[in-house]
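Please look over the structure shown below together with its sequence. The briefing after it is arranged by topic for a reader who works with coordinates.

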Number of protein chains: 2
Amino acid sequence: MTLMNQQILLDNRPQGEASVSNFKLVSTPVPAADALADGQVLVRHHYLSLDPYMRGRMNDSKSYAEPQPLGQVMIGGTVGEVVASKHARFAVGDHVVGLGGWQEYSVVDATQRGALSKVDTSRVPMSAYLGSVGMPGVTAFYGLIKIIQPKAGETVVVSAASGAVGSVVGQLAKARGCRVVGVAGGADKCAYVVNELGFDACIDYKAHADARSFYKALKEATPNGIDGYFENVGGMILDSVLLRMNAFGRVAICGMIAGYNGEPTPLQNPALILVNRLKVEGFIVSEHPEVWPEAMQELGGMVATGRMKFRESVAQGIASAPEAFLGLLKGRNFGKQLVKLV
Amino acid sequence: MTLMNQQILLDNRPQGEASVSNFKLVSTPVPAADALADGQVLVRHHYLSLDPYMRGRMNDSKSYAEPQPLGQVMIGGTVGEVVASKHARFAVGDHVVGLGGWQEYSVVDATQRGALSKVDTSRVPMSAYLGSVGMPGVTAFYGLIKIIQPKAGETVVVSAASGAVGSVVGQLAKARGCRVVGVAGGADKCAYVVNELGFDACIDYKAHADARSFYKALKEATPNGIDGYFENVGGMILDSVLLRMNAFGRVAICGMIAGYNGEPTPLQNPALILVNRLKVEGFIVSEHPEVWPEAMQELGGMVATGRMKFRESVAQGIASAPEAFLGLLKGRNFGKQLVKLV
């Protein structure tokens with residue numbers, strides 16, 4: 001019997017909010033081992049990563065990346081196991097990360113630089129290579145260390161604080177002697193951020209009906225103002241943070257999930273960038289490959305020794321990916337959102 | 001007969017737009033030469049500089065600088081001549097720049113570092129030390145060279161292009177091999193920017209009724225997009241420029257005159273900072289004294305050899321300063337706004 005590969009394709013583009021009807025589940029045969037070309041590797045995915053950037057790819061608008069083509073497998077990071085190989089550097093049984101997409105198996109041209117990387121799962125769990133020791137972790141590292149450049153004693157704020165990126169930002173900043181304040185949606189997430197991750201404070205934005213109330217809580221949590229802000233969401237939170245920024249503060253813009261459905265969210269008072277002499281910088285981690293070795297060393301070491309904590313929301317089976325992804329966009333996940341495929 | 005010093009005080013703070021009734025003209029005796037303390041210098045001002053930043057000082061709100069105190073002489077840059085001195089480094093007849101304020105004479109404690117600087121007026125006219133070879137020129141230099149860091153072949157846009165700062169930004173960028181596009185208010189200003197200053201194009205924002213029309217003109221003038229933007233105004237122009245920015249573009253925020261009367265002007269689509277991976281930085285030149293020698297050398301050399309052109313709007317007599325200042329805020333000046341006092 002032929003082994004089948006279940007895949008999720010982008011079937012049509014969202015009008016406003018994304019929905020499950022934008023996706024389509026199909027099944028195709030897995031290539032046989034002897035059908036691989038030289039340099040190709042067949043990978044069985046153990047985990048698929050779900051990340052907010054995927055929502056941007058679903059639109060057909062100008063952005064930093066090409067739109068996800070219709071009728072093709074959704075893009076996505078994966079970690080798994082080599083099940084067949086025609087490349088000398090990869091052997092059956094190796095654990096590897098790559099961009100396998102929303103499917104159970106992928107055939108990778110391993111001669112392409114960076115397409116597939118072996119990972120050591122003796123001290124770091126496989127799934128962490130999609131989270132704290134993967135793209136989200138390096139994203140946190142780049143924005144915090146290279147843009148915000150925090151100094152001991154400074155105050156750093158991060159939104160989506162319990163998420164895959166935000167949790168790493170906060171723990172890296174704590175390790176550098178900063179006061180760290182998270183913003184998250186829900187009392188349980190805030191409790192986790194403070195009690196488990198060791199942030200100094202966390203503000204539950206859902207507990208605040210308007211910007212004024214949120215700002216008041218932010219002010220109380222940041223008695224010395226804010227020196228660095230790691231932005232994952234945009235909207236009211238960004239407006240409030242800008243009002244608390246100290247002179248020469250740095251803002252790393254990693255995501256603006258608030259505007260992903262097409263309605264731009266204005267920044268209420270851009271003059272604050274001048275008044276407070278801020279540096280505001282947008283970035284995409286894939287454009288800074290030079291930072292990976294340095295970041296992976298620190299992140300891997302912290303995870304292996306238990307100094308970097310993380311949490312995962314795990315959906316089961318490829319068919320659950322669309323629902324899990326839509327939940328992620330609404331903040332229903334708690335920690336890194338994964339889909340377990342094995 | 002005692003020599004009198006006419007002064008303009010800030011009498012009360014503006015409610016919304018500033019008006020002449022916010023100011024008050026008074027007259028006080030000029031100190032006699034023998035009344036000076038050791039280290040003091042008496043300066044007769046030839047020119048007073050009027051600059052947009054002064055509007056911010058008139059408000060009593062949190063900003064980068066202390067508000068201008070009520071009942072005191074308005075702050076302002078001046079260039080003039082030493083008429084009496086009890087400081088070894090300054091002699092009667094020396095030409096000096098300082099922060100003399102809106103008045104005809106000032107007594108300066110020349111022992112204070114940077115309070116008074118001698119200037120060479122043999123090759124550069126005295127008034128230029130308040131413009132292209134003064135604070136506005138160094139402001140242009142810092143924002144363009146240190147923040148935007150233009151490379152030959154890139155496109156740089158500057159708003160308030162015919163003004164004291166904008167005109168220097170454009171000429172410095174042209175000297176570095178950039179395509180330079182100005183934005184100014186009025187056909188005469190635009191003609192000057194292109195024909196006299198040598199910009200590649202200039203858009204008269206007053207000729208465009210809405211953002212869409214302005215954007216269309218901007219697009220035509222920037223066929224290869226925009227790599228650097230020097231911001232003096234804010235509002236619709238900034239929104240349109242952000243839509244034309246290339247990946248890794250730089251925005252230097254020097255002024256946001258559009259919001260100086262208290263009504264914040266939202267930035268419509270801050271997500272563009274992420275989409276285009278922009279670096280947006282606010283700055284105030286007085287906080288970067290290290291750049292002065294380098295900037296003054298290039299600017300002074302360009303003015304002395306005629307490679308840096310400038311234009312001045314000169315009001316006559318200290319009593320005309322308030323009207324001239326309000327005109328500046330409305331863009332009624334053409335080039336650097338000065339008040340001639342001698």
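Predicted model: local features only at pLDDT ≥ 70, side-chain atom pairs only at ≥ 80, totals over all residues.

Residues are numbered from 1 along each chain as its sequence is written, chains are lettered from A and ligands numbered from 1 in the order in which they are written, and side-chain values use heavy atoms, with hydrogens and water left out.

**Interface of chain A and chain B**

- Chain A gives 31 residues to the contact and chain B gives 31 residues, where contact means heavy atoms within 4.5 Å.
- About 2600 Å² is buried between chain A and chain B, and carbon and sulfur atoms give 64% of that area; buried area is the accessible area (1.4 Å probe) that two parts lose on being put together, summed over both.
- Two salt bridges are found across the interface of chain A and chain B, a salt bridge being a side-chain nitrogen of Lys or Arg within 4 Å of a carboxyl oxygen of Asp or Glu.
- A salt bridge joins the side chains of B:R277 and A:E287, at 2.3 Å from N to O.
- On the side of chain A that touches chain B, at least two residues each come from β12 (245-253), α7 (271-275) and β13 (279-282) of chain A; helices (H or I, at least four residues) and strands (E, at least two) are DSSP runs, numbered from the N terminus.
- The residues on that side of chain A comprise 19 nonpolar, seven polar and five charged, with Ala, Val, Leu, Ile, Met, Phe, Trp, Tyr, Cys and Pro counted as nonpolar, Asp, Glu, Lys and Arg as charged, and the others, Gly among them, as polar.

**The sheet that runs through both chains**

- Strand β13(A) pairs with strand β13 (residues 279-282) of chain B in the antiparallel sense over three bridges, where two strands pair if DSSP finds at least two bridges between them.
- Within this pairing, A:E281 has B:K279 in β13(B) as its bridge partner.
- Twelve strands form an open sheet with mixed pairing, in the order β10(A)-β9(A)-β8(A)-β11(A)-β12(A)-β13(A)-β13(B)-β12(B)-β11(B)-β8(B)-β9(B)-β10(B).
- At the edges stand β10 (201-204) of chain A and β10 (201-204) of chain B, each with a single partner strand, so one side of each is left without a neighbour in the sheet.
- From one strand to the next the twist averages 15°.
- Strand β9 (residues 179-184) of chain A runs parallel to β10(A), joined by four bridges, and A:V183 has A:I203 in β10(A) as its bridge partner.
- Helix α5 (residues 211-221) of chain B lies across β9 (179-184), β10 and β11 (226-231) of chain B and runs at about 175° to β10(B); axes are lines fitted to C-alpha atoms, for helices over the stretch in contact, and angles run from 0 to 180 degrees between N-to-C directions.

**Other strand pairs in chain A**

- Strand β4 (residues 78-85) of chain A and strand β5 (residues 95-98) of chain A run antiparallel, joined by four bridges, and the bridge partner of A:G80 in β5(A) is A:V96.
- Strand β5(A) also pairs with strand β7 (residues 116-118) of chain A in the antiparallel sense over three bridges, where A:K118 in β7(A) is the bridge partner of A:V96.

- Over all chains, the structure holds 18 salt bridges, including one in which the side chains of A:K146 and A:E294 meet at 3.3 Å, N to O.
- Since A:K146 lies in helix α2 (residues 135-148) of chain A and A:E294 in helix α8 (residues 292-304) of chain A, the pair ties together parts that are 148 residues apart in sequence.
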